[in-house]
Amino acid sequence: MVSEMNREFWLLDLNSDEKEGKPQVWLWGITPEGKRIVITENYRPYFYILPKASQNPANLKARLEKERPLPSIVELSIENKKLLSQERTVIRVVASSSENLAKLATKIVKFLGAEAFFEADLRPATKYQNDFQVHPCQWYGMEVETEPATVQARIVGETLQARNRPAHVLHERLPDLRAIGFTMLAVSQVGSPSPERDPIRVLAWNGSDGRGGTLRSDERSDENILRKFSEVVQAEDPDFIFSFGGNSAHWPYLLKRAEKTRVSLTIGRDAGPPRQSLFGHFSVTGRANVDLLDFAGDLYDVKEKTLGAVTRYLGVRDLRETVVEETDNYDYWSDPHKRDVLTKMVGQEAETILTLGTDALDYVVQLSALSNLPPDHVLAGAAGFRVDSHMMMEAHRLGQLIPPRNEVPAIPYRGAIVLQPEPGLHDNVAVVDFSSMYPSLMVKYNISPDTLTEEKGDEVYTVPEVGTSFRKTPPGLYAQILSDLIQNRKMIKAEIARSTKGTSRYRILKAREKAAKIITNATYGYAGWAGSRWYSKQVAESAAAMGRDTINKSIGLARQSGLKVFYGDTDSLFVNYDKDRVDRFIAAIDQELGLEINLSQVYKRILFTEARKKYAVLKENGELDLVGMEAIRGDWSSLAKEVQNKVLQFVLEDKTPDRALSYVRQLSHELASQKRPLSSFVIWKTLTKRPEQYDVHAPHVEAAKKIVKLGWPVSSGDRVGYVIVMARGKLYERAEPYFKTSIDNIDIAYYLQNQVLPVAARALSIFGITEENILEAKGRVEG
DNA sequence: AACTGTGGCTTGTGTC
DNA sequence: GACACAAGCCACAGTT
């Protein structure tokens, strides 16, 4: 018996499938009562054929209908679409299957002698989302009917069939989501564990209901772990599965072990295993598999992408006391007492992963809803793909044909202006910057590939320096999308101002605002990205040129307002803080340029070096803020960073170099005698390719090669920690992996000469002090 | 996603 | 063979 009803649900994920030869889209949802459902909908894939300007679309359609050259065409219709600024009539071709759409489209173009095809490269689920403006992680309501029980019905609460299209329902809140966090460990005597050889020893999980467990295998086989883990997932039935490194490490390892032991990993709501998907990501049917390592990638301030560093940064938990170095795992496992310590550590990691995942959830959900990428994909996808997905949704709404992604060679163009700073100490400095400068300029001057024109005169904006022109009307594609984004963000900001800090609504709005900011800013970059569907060098170049023009004019206006300009970068100016003059300046920008500029900071004191993008500020509350300095870079030893931090603090507080100098002198003395931990000397650098692919002998590359020799594979993207030891030879010959050496081998003289003195001198150079006379001063003072 | 900018280090070349 | 210098490689940070 079939019964009809209306179902409201929160959309967790979408996928497409073919059932009995019928292409379908599946919507995985959660109802307000917490029921997990899947709604299947017959959805036939389609694409567009663009006739040549000389061809009559109706005739072409008739030809296809009469001659029936390809049996997989099931429906044809005529539609009016936009191809950038052109109004074009296209033939919409519905196919019987979503397989080989591009091949079919190619054949039709050839058969008709048409100009091109469009949208045969898009996944059916994406097309469905675009067609009906369906965003993941949002509430929908739709008419459904029950479907005869299938395999899924045992796993999901209800299997339903769609009777109409999903209609958006406006709810702020999230459903009651279930999540688990998990991690695992395998050990190997030599080098890193291999799934071919080394079984999983420990697998720990934690669920959002407080349940959790640690599975351990002390015997040869890990069969029990694999089986139990599948059972756990099915019993807990999580909507989100969190891991840290799951996509790169855990899932591939689990799959290989499952293959070896012939255990089937039943993880998905279809009782299937995780499957390799886009962006190096593993998909779990009906669940969102989220790798928090990707979330760490979005945390700009965290340089070390480890679970410990991320949780420390977010204040979630401090794991430092429990960390066992990867190289020590085997020793710990081999010792019965230490084995328990190791097991406990894995358990704690699982707990932390769940906590971190729960923390990240608001952001994942909002970014997913805005970008239109499902929650399990959105973090894995690079910035360009998030914008790509957002642009497609919006362009479709505006009636545009979606062009294919092209891989043309990128053409570089001139970017922003960075002013030469005035070196020295300055008191009471204000920072003013334009809000969303490039997006605002793209909207204001209608900078877009569809408004680009050869015409000149009153109807167009002509960009200085580059001379490119854009029609003033109608609004271009980028202008429309960006003004929507800017408007949207303004509204969210206003909502935030009205809501109470600490509430879940406040957190949701904050996350939504962050998502809008990310997409808005990356859209300018997307225009200049060679892989973009709407790539246009002229657009990116013109936005940058308008930016330069704007900042140059602003410098003039600042001076007219009686302000002194100390520094500026792209869209910001650092001026002396005189409230009346700054207010006058802000008003002048509004009046003269029609743009919004804001006072964003007032600093008590600031130190500019002679270099751009490197300065230190003392805030009104006494805190130190560093920009660009070695002390905040990930590729200097913590010894050097500590020294620079201190020196800058002393100089900014005192306005004289005395305290800083005696500190450095003292330290240089102690360095030889006093033992410091090895970690003070470790220099970390990221590999951007495999060690053997480098052209030069760089210290971190040589250290990486030594690590490989020890049996630990090192690949592109890995960070290498090395120290410089006392030995003969070139510097790169003296770079050792830090875990293979001891404090007694450290070349203290190198660290003093090449780490401590340069960073100290950088901060002290404004007093005429150089690397050499930091030590000379020592003689003078003591003598 | 884009470009701008800094600076260490290696490597090649020229000079004594 | 030691040294100086320039060019290029490389990683990282800052701005949108």
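## Helices across a sheet

In this predicted model, helix H5 (residues 223–236) lies across strands S11, S12 (200–207), S13 and S14, and runs at about 10 degrees to S12. Helix H10 (residues 336–371) also lies across S11, S12, S13 and S14, with an angle of about 145 degrees to S11.

## The sheet itself

Let's look at the strands that these helices cross. They belong to an open sheet of 5 strands, ordered S13-S12-S11-S14-S17, with mixed pairing. Strand S13 (212–216) and strand S17 (288–291) are at the edges; each has a single partner strand, so one side of each has no neighbour in the sheet. On average, neighbouring strands here are turned by 20 degrees against each other, direction ignored.

Inside the sheet, S11 (residues 179–186) and S14 (residues 240–243) pair in the parallel sense over 3 bridges. Ile180 stands opposite Ile241 in S14.

Now for DNA strand B. It has 25 residues around it, and those that come nearest are Ala382, Gly415, Trp529, His697 and Tyr750. Of the atoms of DNA strand B that come within 4 Å of the protein, 92% belong to sugar and phosphate.

Which residues have a side-chain N or O atom 3.3 Å from a phosphate oxygen of DNA strand B? They include Asn754 and Arg762.

Technical notes:
Residues numbered from 1 in each chain as written. Chains lettered and ligands numbered in written order. Predicted model: local features only at pLDDT ≥ 70, side-chain atom pairs only at ≥ 80, totals over all residues. Heavy atoms only, no water. Near = heavy atom within 4 Å. Polar contact = N/O pair within 3.5 Å; in protein donor to acceptor, adjacent residues only side chain to side chain. Pairing = 2+ DSSP bridges. Helix = DSSP H or I, 4+ residues; strand = E, 2+ residues; numbered from the N terminus. Axes fitted to C-alpha atoms, helices over the stretch in contact; angles between N-to-C directions. Contact = heavy atoms within 4.5 Å.
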